[in-house]
Amino acid sequence: MADSRDRPLDRLWRRFPALLIARRNLTRTRARSSLAMLGIVIGVIAIAALGVFGATLQASITGSLGDIGNQLVVSPAANEGVEFLTERDVREIRRVSGEARVVPVRQNVSTIDVRGETRRVTVYGMDSPGDAYEATDGRIPDPLRSGALVGANLADDLDIDVGDSIVVGDPEEGTGESYRVQAILESQQAFSIIDPGSAVVLPLRDVGGEGYTQVVVTAESGQAANETAVAIRESLNDREERVSIFELGQIVEQIGTALESVNLFLVGIGSISLLVAGVSILNVMLMSAIERREEIGVLRAVGYQRTDVLRIMLSEALLLGTIGGAVGTVFSLVGGLLINQVLLGDALAVFTPTNLLYILAALGFGTLTSLVSGLYPAWKAANERPVDALRK
Amino acid sequence: MSAGDGAPVIEARDVVKRYVTEAETILALDGVSLAVEPGEFVAIMGPSGSGKSTLLNVLGLLDEPTEGAVYLDGEDTSTLTERERTSARKRTIGFIFQNFYLIPTLTAKENVEVPRLLDQDPETPARAAELLAKVGLGDRLDHTPGELSGGQKQRVAIARSLVNDPRVLLADEPTGNLDRQTGRDVLEQFEEIRTEGVAVIAVTHDAQVADYADRTITLVDGRVSADEPRVATTPTGSLGASGGAGSPEASGSSDAGEPGGTTGPSDDAGEEDDTSHGG
């Protein structure tokens with residue numbers, strides 16, 4: 001006797017005797033209790049996992065969009081017949097953009113020739129490409145006065161290294177000119193109007209054409225980019241439509257909102273499974289109340305109040321709910337870790353406030369469901385007159 | 001230490017119990033009065049349907065009389081709320097059932113603790129062990145009911161009924177599921193309990209019980225038809241020789257004491273025992 005009293009777990013059960021009785025009652029019909037619990041496990045996983053998976057997917061998509069969310073691309077308003085942006089436009093853009101880096105670009109198409117291999121490529125003319133892009137290899141001169149920068153994809157394709165010589169233009173037409181490659185440019189991760197990854201960047205004056213085809217504005221943040229876009233519109237499109245602005249941040253935001261609604265929809269579907277789990281707990285508890293009718297009658301006879309019986313029965317429902325919920329939470333977390341590892345490359349990214357909220361909500365909802373399902377059977381058991389329960 | 005002249009610990013005064021069903025009104029108890037003193041052992045006998053179980057339920061505050069009242073220690077219980085009646089039951093009354101009604105997943109000791117389990121009294125486990133030792137099950141503390149014989153189960157039930165220090169023990173066919181010898185063991189336990197001042201009231205078909213009782217009350221059709229003290233003397237031991245239901249000593253009491261001799265009407269309260277249980 002003394003030894004069983006000294007075990008800490010026993011002491012814990014003794015502290016909550018209603019739970020002790022509840023636990024014993026549940027272990028009596030192991031298979032049935034486990035199945036009811038499984039219902040809660042599935043329900044909690046459905047809510048938590050769908051929520052977390054959805055949020056992770058959203059993070060993954062907006063994450064890959066996010067690094068360009070602070071970029072604006074200002075183009076001439078083609079529908080209004082504006083063909084290029086002038087120096088004056090660029091000055092105006094610089095004026096209203098404040099801190100943001102402004103890189104005017106002249107875009108054209110040309111042929112390049114590397115060791116006899118030719119290719120049609122996009123050519124960008126820029127004075128300070130270093131303001132908008134980064135080099136994977138070599139150094140970007142600022143300003144760019146001579147030499148060429150080659151995008152990483154193109155460099156891969158044609159096996160171009162820093163220091164190589166390339167010919168841009170058509171030698172047969174007499175426009176061919178040789179450039180030394182100064183740097184290889186990193187490719188943009190997401191879509192963008194201007195992606196130097198497969199292009200060649202030359203000093204501005206070496207690219208044919210008039211004025212500028214685009215102006216790339218890189219702000220500190222998506223928020224700042226948004227404000228800059230508003231300022232540019234106010235300034236340049238005041239009297240007539242002169243520029244159109246491609247705002248990546250806005251698109252990112254729209255995609256995010258759409259994903260969020262998809263996510264809520266998924267979670268809604270998940271909660272239906274929890275509802276089903278609740279019904280199965282109701283069923284289990286009701287059967288248990290009917291089967292243990294006499295036993296409950298004895299408890300009432302030996303002095304258990306109605307509220308005591310109610311408490312025991314509700315403890316059973318609560319045990320089913322919390323244990324099932326805890327198991328479901330663990331599974332959801334593991335699943336979340338996996339999906340984060342796969343999609344984001346960082347398993348621990350699962351620990352975001354949104355995800356934890358989903359998991360907590362699922363656990364809470366699971367527990368609440370079982371408690372509510374236990375109410376009717378518990379009430380029924382507690383209110384039976386002991387003399388009726390004990391009638392043989 | 002049989003009936004003294006002290007105040008009754010439990011008393012029924014003119015108790016009437018009517019069951020109203022759709023078809024008819026059944027008069028289960030028709031003005032029963034009964035007073036039991038501390039340490040007294042009373043057997044209630046009678047044919048099936050005579051109202052024995054109803055009387056026991058009313059005495060145990062499990063059921064309310066239609067008329068009349070039950071007094072515990074002189075206190076009228078008819079004015080108590082459901083909650084107060086439950087508390088009074090816990091304080092004063094211990095129950096023993098024919099089917100033992102132990103909780104199968106709890107050990108013997110835990111079963112004895114059940115009535116006090118919610119009180120979180122640290123003394124309860126020790127008290128339960130002590131009571132089990134007293135009924136001769138000191139070496140069975142951690143056995144579950146499935147591992148115990150019928151007699152052992154009933155002894156666990158007796159220990160359970162005593163854990164709250166009751167003033168009255170109410171037993172419904174306490175020997176109904178036990179063989180004769182085991183039944184006698186249980187009655188020996190009652191004998192010991194009442195020496196400690198606990199009144200024992202047993203509803204039974206078993207004439208053997210009457211042999212141990214201070215008096216035997218016979219109910220017929222919801223009325224007390226006989227209330228007789230035990231004839232003479234025989235304490236416990238000498239009964240062992242006679243195997244039949246009707247022992248010589250028992251013949252002094254009402255003929256209703258013979259289990260085989262009663263062919264009562266079909267019972268309203270389902271008193272017919274089910275001896276297939278147990279073991």
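This report describes salt bridges, a nonpolar surface patch and a helix pair in a predicted model.

**Salt bridges**

Side chains of opposite charge can pair when their charged atoms come close. Over all chains, the structure holds 31 salt bridges. Three of them are listed below.

| Salt bridge | N to O distance | Separation in sequence |
|---|---|---|
| Arg85(B) and Glu64(B) | 3.5 Å | 21 residues |

In the pair of Arg292(A) and Glu316(A), both residues are buried.

In chain B, Arg85(B) lies in helix α2 and Glu64(B) in the loop between α1 and β4. Arg85(B) has 8% relative accessibility, so this residue counts as buried, whereas Glu64(B), at 41%, is partly exposed. Both residues belong to a network of salt bridges that also includes Arg300(A) and Glu82(B).

**Nonpolar patch**

On the surface, Leu57(A), Val342(A), Leu343(A) and Leu344(A) form a nonpolar patch with about 330 Å² of accessible area together. Helix α10 of chain A supplies the largest share, three residues. Leu344(A), in this helix, is partly exposed at 33% relative accessible area.

**Helix pair**

The axes of helices α4 and α5 of chain B come within 9 Å and cross at roughly 135°. The two helices are therefore oblique to each other, and α4(B) passes α5(B) in a right-handed crossing.

Terms used
Residues numbered from 1 in each chain as written. Chains lettered and ligands numbered in written order. Predicted model: local features only at pLDDT ≥ 70, side-chain atom pairs only at ≥ 80, totals over all residues. Heavy atoms only, no water. Patch = residues over 30% accessible without salt bridge, like charges linked within 9 Å, V, L, I, M, F, W, Y side chains within 5 Å. Areas by Shrake-Rupley, 256 points an atom, 1.4 Å probe, with all protein chains shown as cover. Salt bridge = Lys/Arg side-chain N within 4 Å of Asp/Glu carboxyl O. Helix = DSSP H or I, 4+ residues; strand = E, 2+ residues; numbered from the N terminus. Buried < 20%, exposed > 50% of the residue type's maximum accessible area, 1.4 Å probe, protein only. Axes fitted to C-alpha atoms, helices over the stretch in contact; angles between N-to-C directions. Parallel < 35°, antiparallel > 145°, perpendicular 65-115°, else oblique. Left-handed = near helix turned anticlockwise from the far one by under 90°.
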